[in-house]
Amino acid sequence: MMKQKTSKVILIPASDYDDEEVYEKLDWACKALGGIEDILKGCTGSSKILLKPNLVRKAEVSRAVMTHPVVMGAIARILYEHHYENVSAGDSCGIGMAKKVMEGTGMIERLEKYGVKICDFDSGTRTDIGGTRAKYMVMCDQVLKADAVINVCKMKTHALERITGAVKNIYGTVYGLHKAKGHTQFSDAHSFAGMLVDLNRFVGPKLHIMDGITAMEGNGPTSGDPVDMNLILVSKDPVALDSVYCRLIGLDPALVPTNVAGQAAGLGVMETSRIEVETPEGVISMEDAVRKYGKTDFNVDRKKHRDYARWIKMLSIFKIFQKKPYIDTEKCIRCGICVESCPVETKAISFKNGRKHPPVYDYKKCIRCFCCQEMCPHKAIRVK
């Protein structure tokens, strides 16, 4: 009988964002996975290495919206010390360009200290990605030119996919407004997850680092609440990494569409029996990892959504019994970012009653992509 493939996930306890401590622990994690040269096998000192953080939009670092600058600085230092001389960092942000989002956070200073070039993903090319769900995507040219990508994601919740982690973060390799178009093409959680898996297989990041020292729970991925998880997860397998994250917060990995689609497509594994969790103290069981490092009261959607019969499916066609975004009128300042971010051509949200009043949804047009909720900078949109 053929032995099933297993994947290793490194779990590093880290109590705060101390530059030296995070560097030392991340350096150890890379060595535990075989060393950075083995991880970047085939790359030389002059190879183009791209660091892909989760930037989304401008926000205070303490809100846990973006990958923390200290974690980015740590991987930059590791690459610098191993003589990788052509390293860049960037993202296709939801709002704004990468340099502007990084400004004032300390990220630019930490990256440039180790010779990392900050790049705005300002051009894209329609590319055959050979996917099962997604055949073509407009990819950022900086991604296409890279010899290797290192995915530096953030531990957060997500209205559509329940969590945003390693697999979801690669959506930021799609160019500009084509990210919004992707939500209209792949408008439900399962089709969107299938597209993300195709994208991950095409980009093929060599390493996945999840910043979970301070995570985001609740109304993520930008309007949730910071929560201390005090750990960093590192793996070559994005599905295994996301699945360990799920276990640590008491969420069944099988309820996350990217995990299910990722394992089915051979991107990675999600079953506990096929994942080895290693800490600086040695290999531990998943049960011990959850007991020692988990937070089972983490605020995340754990409800199992079931299709009991054909009539429920029919009701879902008419947008009945589905999650919906709604506006907290007391928090809304009528900035219009939700309207701008709506990918539906005729807009599912608008200032129907004028700019003196909060925007109004037309739920018949709404595709439940939750881009409005994700981009709202004032925590004024929730999903129910």
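A: Helices H1 and H3 are oblique to each other, the class left over by under 35 degrees (roughly parallel), over 145 (roughly antiparallel) and 65 to 115 (roughly perpendicular). The model is predicted, with local features needing pLDDT of at least 70, side-chain atom pairs pLDDT 80 or more, and totals for chains, interfaces and linings using all residues. Residues are numbered from 1 along each chain as its sequence is written, and side-chain values use heavy atoms, without hydrogens or water.

H1 covers residues 19-32 and H3 residues 69-81; helices (H or I, at least four residues) and strands (E, at least two) are DSSP runs numbered from the N terminus. The axes of H1 and H3 come within 9 Å and cross at roughly 55 degrees, the axes being lines fitted to C-alpha atoms over the stretch in contact and the angles running from 0 to 180 degrees between N-to-C directions. H1 and H3 cross in a right-handed sense (near helix turned clockwise from the far one by less than a right angle; anticlockwise is left-handed).

On the H1 side, the contact (heavy atoms within 4.5 Å) is made by Asp 19, Glu 20, Val 22, Tyr 23, Leu 26, Asp 27 and Cys 30. H3 contributes Val 70, Val 71, Ala 74, Ile 75, Arg 77, Ile 78 and Glu 81. By class, 9 of the residues in the contact of H1 with H3 are nonpolar and 5 are charged, with no polar residue (Ala, Val, Leu, Ile, Met, Phe, Trp, Tyr, Cys and Pro are nonpolar, Asp, Glu, Lys and Arg charged, the others, Gly among them, polar). The phi of Ala 64 is near 65 degrees, a positive value in a residue other than glycine.

In the contact of H10 with H12, 6 residues are nonpolar, 1 is charged and no residue is polar.

H10 passes H11 in a left-handed crossing. From H10, Val 239, Asp 242, Ser 243 and Cys 246 meet Asn 259, Gly 262 and Gln 263 of H11. The contact of H10 with H11 holds 2 nonpolar, 4 polar and 1 charged residues.

Gly 220 and Pro 221 are joined by a cis peptide bond, with omega about 10 degrees. Pro 221 is located in the loop between strand S9 (207-217) and strand S10 (225-235).
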